[in-house]
Amino acid sequence: MSASLPRHVWLEREHEHQARADALTAAHRERASRREKHPVWDFLFTYYSYKPAQLRRWHPGAGVELEDAPERRSWRWYTEGSTPEGVTPDAALFAHEKSDLAGLIERMLRRTASRPGQFGCFGLHEWAMVYRADEHRHAVALRLGQAGTDRVVEAHDLRCTHFDAFRFFTPDAVPRNRSPLTRDDQSLFEQPGCLHAGMDLYKWALKLGPLVPGELLLDAFELARDIRLLDMQAAPYDLSAWDVVPVPIETAEGKAEYVRQQRGFAERGTRLRVDLLDAWLGTPVAAHV
């Protein structure tokens, strides 16, 4: 449904959004000012290569007109509105200029939201990334040592469904995965139980730019942040120097805790996918986890 926001209303929402974004990125910006690295949280700004300033930029979402907003007339994917100096984020213009990207994002959101979640992977993708490896992506010791880590991988069935995690598997780990994954088949395997599929909602929201309300963008960032912590708690690394308490998925208790949190994130992610599609295209999907 289209809507129109008077200038004083959308300016207030913009200010509230900026304050929330600043609070979410404050610790990272402080570390960056000291050139201090963090093995957990830097991922949100390096793998997802978006700067804190991009999180601060508020948009109303597709079809929502901003009244008296001449400063946004030149912003990408905004078109002239129905009121004097009014502008509106235009989903049709985005689809015209970025048809391949729009198609990819819609497929990923719809197909993932429509599938049941799978909860038997236990976060072993991070273990598969160091399996039988002399060098590791993170310069951090392994909790169980190399031999102990390798034994955990060998004692489990690898069930990764996310290509952007699978592509970092070591060569010895690749054939151990239940399904071979490729970039072209990504939308065929993506499912809402996957932690990385949940984190990627932040990426899709940012790529959609002004078509996504700022509030949903920050919801997606918060979900990615929360998932990232579990991802590293369940990883094989010893992160005690950063006060990260492990979720030891090599034990029955650790597996149960991982799945408990994983289900919660899957529910949040599925609701967010539906909200993103509704805000962008006005076409929600039926979803289940």
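Visitor: By class, how many nonpolar, polar and charged residues does the lining of the largest pocket have?

Guide: Happy to start there, and please keep in mind that this is a predicted model. The largest pocket holds about 310 Å³ of space, and 14 residues line it. Sorted by class, that lining has eight nonpolar, three polar and three charged residues.

Visitor: Which residues lie nearest the centre of the largest pocket?

Guide: Good one to look up in the viewer. Helix 10 (residues 195–207) gives the largest share of the lining, three residues. Of the 14 lining residues, those nearest the pocket centre are Arg57, His59, Leu206, Gly209 and Pro210.

Visitor: At roughly what angle do the axes of helix 5 and helix 10 cross?

Guide: Helix 5 covers residues 99–114, and its axis comes within 11 Å of the axis of helix 10. The crossing is left-handed. The angle between the two axes is roughly 145°.

Visitor: Which residues of helix 10 does helix 5 meet?

Guide: From helix 5, the residues in contact are Leu101, Leu104, Ile105, Met108 and Leu109. By class, this contact has seven nonpolar, no polar and one charged residues. On the helix 10 side, the partners are Leu201, Trp204 and Lys207.

Visitor: What is the radius of gyration of the chain?

Guide: Let's step back to the whole chain, which has twelve helices and four strands. For 289 residues the globule rule gives 19 Å, and the chain's value is close to that, so it is as compact as a globular protein of that length. Its C-alpha trace spans about 70 × 40 × 30 Å along the principal axes. The radius of gyration is 21 Å.

Methods: Residues are numbered from 1 along each chain as its sequence is written. This is a predicted model: local features need pLDDT of at least 70, side-chain atom pairs count only at pLDDT 80 or more; totals for chains, interfaces and linings use all residues. Side-chain values use heavy atoms; hydrogens and water are left out. On a 1 Å grid over the protein atoms alone, a cavity is a set of points where a 1.4 Å probe fits but cannot get out, and a pocket is an open set with protein on both sides within 12 Å along at least five of seven lines; lining residues have an atom within 4 Å of a point. Grid points are joined across faces, edges and corners, and a volume is the space filled by probe spheres set on the points. Helices (H or I, at least four residues) and strands (E, at least two) are DSSP runs, numbered from the N terminus. Ala, Val, Leu, Ile, Met, Phe, Trp, Tyr, Cys and Pro count as nonpolar, Asp, Glu, Lys and Arg as charged, and the others, Gly among them, as polar. Axes are lines fitted to C-alpha atoms, for helices over the stretch in contact, and angles run from 0 to 180 degrees between N-to-C directions. A crossing is left-handed if the near helix is turned anticlockwise from the far one by less than a right angle, and right-handed if clockwise. Contact means heavy atoms within 4.5 Å. The radius of gyration is taken over C-alpha atoms; the globule rule is 2.2 Å times the number of residues to the power 0.38.
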